[in-house]
Amino acid sequence: MAGIFRRNGAGDAPARYSAPQLARKGLTGEEWPRVWRDHEIKPAYDVIIIGGGVHGLATAYYLATNHGITNVAVLDKGYLGGGGSGRNTAIVRSNYLTPEGVAFYDRSLSLYNSMAADLNINVMFSERGHLTLAHTDSALRTMHWRAEVNKLQGIDSSVIDPDEVKKLAPSLDVSTHPRYPILGALYHPPGGIIRHDAVVWGYARGADHRGVHLHQKTEVLDILVEGGDGPGGKGAGGKVTGVRTNKGDISAPIVVNCTAGWGSLISNMAGVKLPINTHPLEAAVTEPVKVFLPTVVVSGSLHVYVSQTDRGELVFGASVDPLATYSMRGSLSFTEELAGHILELMPGISKMRLLRQWAGLCDMTPDYSPIMGFTPVEGHLTDVGWGTYGFKAGPVSGEQMAECIATNTTPKLIAPFALERFSTGQLVGEKGAAAVGH
Amino acid sequence: MLLVPCPHCGPRNQSDLRLVGATVPRPDPNATTPEEWGDYLYLRDNPADWIEETWYCRAGCRRYFTLTRHQGTNEFRNPPMPGDKVGTATYTTISVGSSGSQPGANIEPHTTGGAS
């Protein structure tokens, strides 16, 4: 597999992955072409997308695929998939709380389902079922609420009792001994895990193949706006003319912000203030062991979620750190709390060792829903505010943002997530289903 | 874990305190636009830079105070000392021992490093 990433002439288009190709390359020793190519930065593009993660790349891919707009550049200050797209715990599901949220994430899940065929890359989607544990009566009540909202929208989701939980995940302690006993769970069979890097590479490869330029190590220093009522012609009423990067100015009438944790800094450059606070979220992974955990397990009360990868490692995540910061340093208190909480659920794994821990930045909004679509600055669009649930929404966000850009109207699916909702008061409160709900 | 310089208790674990966040003046609800009210409720600066924010020392002195923190590096700048004017409230300390000395005068200012 390592050969896929070897440089093999910048001009080669990506080859289709198939069994005959694999046999041919295996027999002849021929190298695979690069997954995506490097290009010179052009002085002007039709659309510039800031942020080369799942959201940015999916937007570029669907712009090219669904709408034929290929004069597009994706800029990233680091490498593709180096932010939240490579730091999340790779869980996908659609059992949200509000009808708007459920419809949105369900579309995303169906795109994830057909992704391997659509993108011609093995994304290792494992539809293994998703358990959200309830430890209190009020949590159980919310589970019932969520299950009914889900069923009404045609989502496979139901509340099950501790015996059924034990059958699905035998390693869980369903006795009444723990401080927070398991009283039941919301079971969501279509949920599962997916290989997040492959999703990024798949979208990058698909976008590159259709003519989109991917520029890594290209940091946006400023967004050029004229005619606005703020300082320097920025702010409401202004019009985007391009971006200033560390590699020079690039002009474009449309600049899309897909930068997650850095979203408020980027939109500030255009004079648009976003109600976002950046919090780090920590995660950890253990050494690999034989497969014993067949589902994804989430506990809101214990602030932990866990799944076992195909390699056998347990991947843990938690809730966001309480401190708003851009620092991604790990902390011992996280590890300590995580270990305590996970042993409450699964006492049997007390001898397992952690391999590593890391943090990613989450752009938290007041109502735990994203901020998508147009802003008061013409040509500046946002796809941020993704908090702790950005990865699972990547494909549908890309598809809807691409439609938004191509048709210059807000698609129905993302209309509830407009920036205006914070002044009209029509918030989309997803805290009950999204706060620790992975 | 972050060490937070409480002006009354000295450096304390972050878990002993609660970050209340930046405080902004409350506009008159009868004479404000929905946009201004939305901004007051939800909009806060989120720079990778120095910010002023309110902390609550819930496990120590149980007082509210303002600290200046760098959101990129988590350093605290010029932590206030007892007797300093913090925000709008003025704190006084009871001086113990030698009479006539200024409150807090014999206490070394504590810092957690970084710019001053």
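How many residue pairs in polar contact, both at pLDDT 80 or more, are there between chain A and chain B? The count is nine, a polar contact being a pair of N or O atoms within 3.5 Å; within protein, one must be able to donate a hydrogen and the other to accept it, and residues adjacent in sequence count only if both atoms are side-chain atoms. Please keep in mind that this is a predicted model, where local features need pLDDT of at least 70, side-chain atom pairs count only at pLDDT 80 or more, and totals for chains, interfaces and linings use all residues. Residues are numbered from 1 along each chain as its sequence is written, chains are lettered from A and ligands numbered from 1 in the order in which they are written, and side-chain values use heavy atoms, with hydrogens and water left out.

**View 1. Chain A meets chain B.** Chain A brings 20 residues to the contact and chain B brings 19 residues (contact means heavy atoms within 4.5 Å). About 1600 Å² is buried between the two chains, 56% of it on carbon and sulfur atoms; buried area is the accessible area (1.4 Å probe) that two parts lose on being put together, summed over both. On the chain A side, A:L323, A:Y326 and A:S423 lose the most area to chain B, together 32% of what that side buries.

**View 2. The salt bridge between the chains.** One salt bridge is counted between chain A and chain B, with a side-chain nitrogen of Lys or Arg within 4 Å of a carboxyl oxygen of Asp or Glu as the criterion. Here the side chains of A:K273 and B:D45 come together, N to O, at 2.8 Å. Elements giving two or more residues to the side of chain A that touches chain B are α8 (263–269), β13 (277–286) and α11 (421–424) of chain A. Helices (H or I, at least four residues) and strands (E, at least two) are DSSP runs, numbered from the N terminus.

View 3. Look for A:N120 in the loop between α4 (115–119) and β4 (130–134) of chain A. With a relative accessible area of 12%, A:N120 is buried (buried means under 20% relative accessible area, exposed over 50%, partly exposed in between, with a 1.4 Å probe and protein chains only). A polar atom of the A:N120 side chain lies 2.8 Å from the backbone nitrogen of A:Y17. Not counting residues up to four places away in sequence, A:N120 touches A:A15, A:R16, A:Y17, A:M115 and A:R205.

**View 4. Strand β5 of chain B and its partners.** Five of the seven residues of β5(B) (residues 64–70) are buried. Strand β4 (residues 50–56) of chain B runs antiparallel to β5(B), joined by seven bridges; two strands pair if DSSP finds at least two bridges between them. B:Y56 has B:Y64 in β5(B) as its bridge partner. Strand β6 (residues 76–77) of chain B also pairs with β5(B) in the antiparallel sense, over two bridges, and B:R69 is partnered by B:F76. The hairpin of β5(B) and β6(B) has five residues between the strands, and B:N74 in the turn has a positive phi of about 65°.

**View 5. A salt bridge between A:D367 and A:R421.** The closest N and O atoms of A:D367 and A:R421 are 2.8 Å apart. This pair links distant parts of the chain, 54 residues apart: A:D367 is in the loop between β17 (354–364) and β18 (371–374) of chain A, and A:R421 is in helix α11 of chain A. A:D367 is buried at 4% relative accessible area, and A:R421 is buried at 3%.
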